[in-house]
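Dear colleague,

A short account of the findings comes after it.

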Amino acid sequence: MSVYTVVEEPQLIEFLQDYEVGTLESFEGISAGIENTNYFVNTSLNGETKRFVLTIFEHHTFEELPYFLDIMAFMAEHQIPTAHPVATLSNGYLKELYGKPAALVERLTGGGVEDPSVVQCGVMGEQLARFHQAGAGFESKRANDRGLDWMQTTYRQIESYLPEDEKQMISEELDYQSEIDWFELPQGVIHADLFCDNALFDGDKLSGIIDLYYACNSVLLYDLAVMVNDWCRLHTEDPLEIHFDEERVEAMVSAYQKQRPLSDVEQKNWPAALRLAALRFFLSRLKDKHIPREGEMTQIKDPKVFKRVLKIHQQSA
């Protein structure tokens, strides 16, 4: 969540006229995250303040976006705690703002988690499994646009910027991942980006899973690995001194398995899934560092974190 497109009040007032949300009270840009432009928007309807998140999509097309917005609505309507998009008066969930696709989504209560507890990791394991089970009933399909093909292409784009140790590390990992038959593993709807800042908690109660704009149909096990790699790291004064908390890992994976037990082939490929998830975010952060995009308020995350995570998993294997 960043600000690449600056929103002015008159244009926002006009935009909101296509919604039954009342009149604009206030709005402010959100600097967290890195992909789209996001604003908090407050309106007044019948004397009551309504709270929303406005997202302007910087990369997705009008044709791609119905999948994401439909799946958010689908999950919310199937008792998965996700933010429901707000329907326009004219044409579904999507509108144009500053020549780009935009959507208004209900703003959930709670806040992101910086240092998750064992209990919260267990909650997320259970909820991700429920998300995967509910997704079996979602009919639309979308390929993973951050899969192995994307990783190989991205590596070629940034290779010239990298030191030799990173080139070797990434090249060897891509070769290793290319030998695995990921298509033999169970597939379904995945979030694909369920980091700590994409879930909102009130205490130990999950109030919402947010930012589903990488959601796709892919390997369910990979989705769990993405979450473990972020939620189950111990936080130290040095962000690059990375260790995994086995108690958190056990809480998350066992809670997941109580809802959806992992198959034998999934258990066999668990170490590879952890490595693939680490490689994906190592590469995306390297690309953001070396080929940055301009924005008024942006956040570029340190690729060294996932370099260390990948190395841990490689050494464990």
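The notes that follow concern aromatic contacts and backbone angles.

This is a predicted model, in which local features need pLDDT of at least 70 and side-chain atom pairs count only at pLDDT 80 or more, while totals for chains, interfaces and linings use all residues. Residues are numbered from 1 along each chain as its sequence is written, and side-chain values use heavy atoms, with hydrogens and water left out.

The structure holds 11 aromatic pairs (rings of Phe, Tyr and Trp, the last by its six-membered ring, with centres within 6.5 Å; planes under 30 degrees apart are stacked, over 60 edge-to-face, the rest tilted). One of them is the tilted pair of phenylalanine 27 and tyrosine 39, with centres 6.0 Å apart and planes at 50°. Phenylalanine 27 lies in strand E1 and tyrosine 39 in strand E2, so the pair ties together parts 12 residues apart in sequence (strands are DSSP runs of E, at least two residues, and helices runs of H or I, at least four, numbered from the N terminus). Tyrosine 39 is buried at 5% relative accessibility (buried is under 20%, exposed over 50%, partly exposed in between; 1.4 Å probe, protein chains only), whereas phenylalanine 27 is partly exposed at 26%.

Phenylalanine 195 and phenylalanine 281 are also tilted, at 4.6 Å and 55°. Phenylalanine 281 belongs to helix H9, 86 residues from its partner.

As to the backbone, glutamine 79 has a positive phi of about 65° although it is not a glycine, and this residue is exposed at 58%.

Yours sincerely
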